[in-house]
Amino acid sequence: MKRTMMSLIGVTAALAAVTGVAAVTGPGGGAPDAPRGGTRLPVQRSTLLCPAPTSSEVGETAYTAFAPQGAAAGADGKKGTAQLLPAGTVKDTGGADAGKSKGKKGGKGGAGGTADSAAGQAVPPRDTKPVVPLRQAGRPVTTTTDSPDAPALVGTADGALAPGWTVQQTTSVAAGSGRGLLGLGCTTPDTTFWFPGVSTATDRQDYVHLTNPDSTPAVVDLELRGKDGALAGSSGEDISVPPHTTVPVLLSTLTNTPTTNATLHVVAREGRVGAAVQASDSKLGSDWLPPAADPSPSVVLPGVPKDATSVRLVALAPGESDADLKVQLATPTGMITPAGVENLHLKSGMTTAVDLKDLTKGEAGSLVLTPSDSGSKVPVAAALRVTRGKGAKQEMAFIPATRPIEKRATAVDNRGKDATLSLVAPEKGKDAKVKVTASAGSGGGTPVTKTYTVKGGTSLDAAPPRPTGLKGSYALTVEPESGSGPVYASRMLARPQGGVPAFTVQPMPDDRGSVLVPTAGQSLSVLTG
């Protein structure tokens, strides 16, 4: 029996290092404490999925890939490889006019899916060449495309390039209803996602992109919840996502109830998928809405810019109990309570939206939601829609709740002086101290490192360090130092377009580049916390 248990531990350790799933994150987003004698190992394989970027004829997308230095070599002693490959797309079979109207099947430009996407035709990619192949850690690789038919991408990294492998797609659309700056950190596959802040209203076109990285089909259910619960007439069950294929689904085709503020729940009943929502507003431009962190009693939404002209909070308590929350803004000088929104009551299963207006009033901050009753364990999911600019020159972006940085987080595609780094230490009395490294540029330059201290209960917005002699774009890596208090982060890119303050915000959750594995003789219970 002892020999069998030790064998199971050995197999589990090996699988954990390959798949990166040994240490299961708890509801609060933090990693479990290392078991006595346990070992933290770098993952040996990572998978990322990038949705199709845009169908605009005037759009340009930059892909940037990066892996931080410092990981051990692969199990076979090799440095490893990392690359993305084009995925197939489910094309609509409704004819030439499909996809032009919200009431018809399909996605943008006739490519897309609905709840009946299984009836669509899976079209393989036109090109199978690798995109942004990475051969070494520490220096980003970038490429661009202006094709309106650019496909979704599916890829893996192994060996020394797997821990912390990060890919960003940044799209600039100069004109049209989808104009703006759209940024997204390519996502890892999973079986469930929450998207507070989606809309099925007539002034929005929101598509959820479902991408299957595996060789077997995935079956996905989509559920939309508004202020009264599940939206009337909604139907998003049994969506088939073929292997190595993406399915864009127009959310307004899933319900006959136009709703401005809703929450989308994505569940893969078979297989796994990557999911991201592309939102396009007739007046506020477009951007990607990444999935929010798993529902938790307390949530942090980092990086509300100082010049935000409008901030809308969308939240949901997905369980069977209502949630009562304290609403606070972490500023550089401490926590403040927004006037008129000291507390927030969330009814179980119902989406609540609150307009916080010009929340920051010229001073950047991060929103922190905590239970009114410190003993409450009711989980919530939340996201912000943030607007900059005025009148006809407004631009929106989204800030979902994010996980804390436990070991390391990375944001790529920083160029020149367009980036702002936001850090928040939400717990009073627990200061955060982090090391921020600006990598070498994609075209050259020398890395630069700077240390920041964030007092507990405050936030910090800063122009991040830049590499010396920068050429091209660079990566920012944030690492909490030993003894640091909890810290959350995001990165904003600001690239004005003809007077429009175009911007996009990417949360920086922990990259989960390592896993905790037990040593021989320990109980397997440590694997699930």
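This report walks through a few parts of a predicted model, from its strands to its disulfide.

## Before we start

Because the model is predicted, local features need pLDDT of at least 70 and side-chain atom pairs count only at pLDDT 80 or more, while totals for chains, interfaces and linings use all residues. Residues are numbered from 1 along each chain as its sequence is written, and side-chain values use heavy atoms, with hydrogens and water left out.

## A covered strand: S27

Let us begin with strand S27, which spans residues 365-371. Helices (H or I, at least four residues) and strands (E, at least two) are DSSP runs, numbered from the N terminus. How many of the residues of S27 are buried? The count is 7 of its 7 residues. Here buried means under 20% relative accessible area, exposed means over 50%, and partly exposed lies in between (1.4 Å probe, protein chains only).

In a regular strand the side chains alternate between the two faces of the sheet. Both faces of S27 are covered: Gly-365, Leu-367, Leu-369 and Pro-371 are buried on one side, and Ser-366, Val-368 and Thr-370 are buried on the other.

S27 also has partners, and two strands pair if DSSP finds at least two bridges between them. With strand S21 (residues 299-304), S27 pairs in the antiparallel sense over 4 bridges, and Leu-301 stands opposite Leu-367. With strand S23 (residues 323-331), the antiparallel pairing runs over 6 bridges, and Thr-370 of S27 is the bridge partner of Lys-326.

## An open sheet

Now look for the open sheet of 4 strands, in the order S26-S22-S28-S29, with antiparallel pairing. Strand S26 (351-357) and strand S29 (393-400) stand at the edges with a single partner strand each, so one side of each has no neighbour in the sheet. Neighbouring strands here are turned by 20 degrees against each other on average, direction ignored. For such angles, axes are lines fitted to C-alpha atoms (for helices over the stretch in contact), and angles run from 0 to 180 degrees between N-to-C directions.

Within this sheet, strand S22 (residues 308-316) and S26 pair over 6 bridges in the antiparallel sense. Val-314 stands opposite Ala-353 in S26.

Thr-263 sits in strand S18 (residues 262-270). Is this residue buried or exposed? Thr-263 counts as buried because its relative accessible area is 1%. Its side chain and that of Thr-351 are joined by a polar contact of 2.9 Å. A polar contact is a pair of N or O atoms within 3.5 Å; within protein, one must be able to donate a hydrogen and the other to accept it, and residues adjacent in sequence count only if both atoms are side-chain atoms.

Leaving aside neighbours within four places in sequence, Thr-263 is in contact (heavy atoms within 4.5 Å) with several residues, among them Trp-194, Glu-223, Val-314 and Thr-351.

## The disulfide

Where is the disulfide? It joins Cys-50 to Cys-186, S to S 2.0 Å, and a search of the whole structure finds 1 disulfide (a pair of cysteine sulfur atoms within 2.5 Å). Cys-50 lies in strand S2 (residues 45-50) and Cys-186 in the loop between strand S11 (180-185) and strand S12 (192-198), so the pair ties together parts that are 136 residues apart in sequence.

The torsion about the S-S bond of Cys-50 and Cys-186 is about 110 degrees, so this disulfide is right-handed. Both Cys-50 and Cys-186 are buried.
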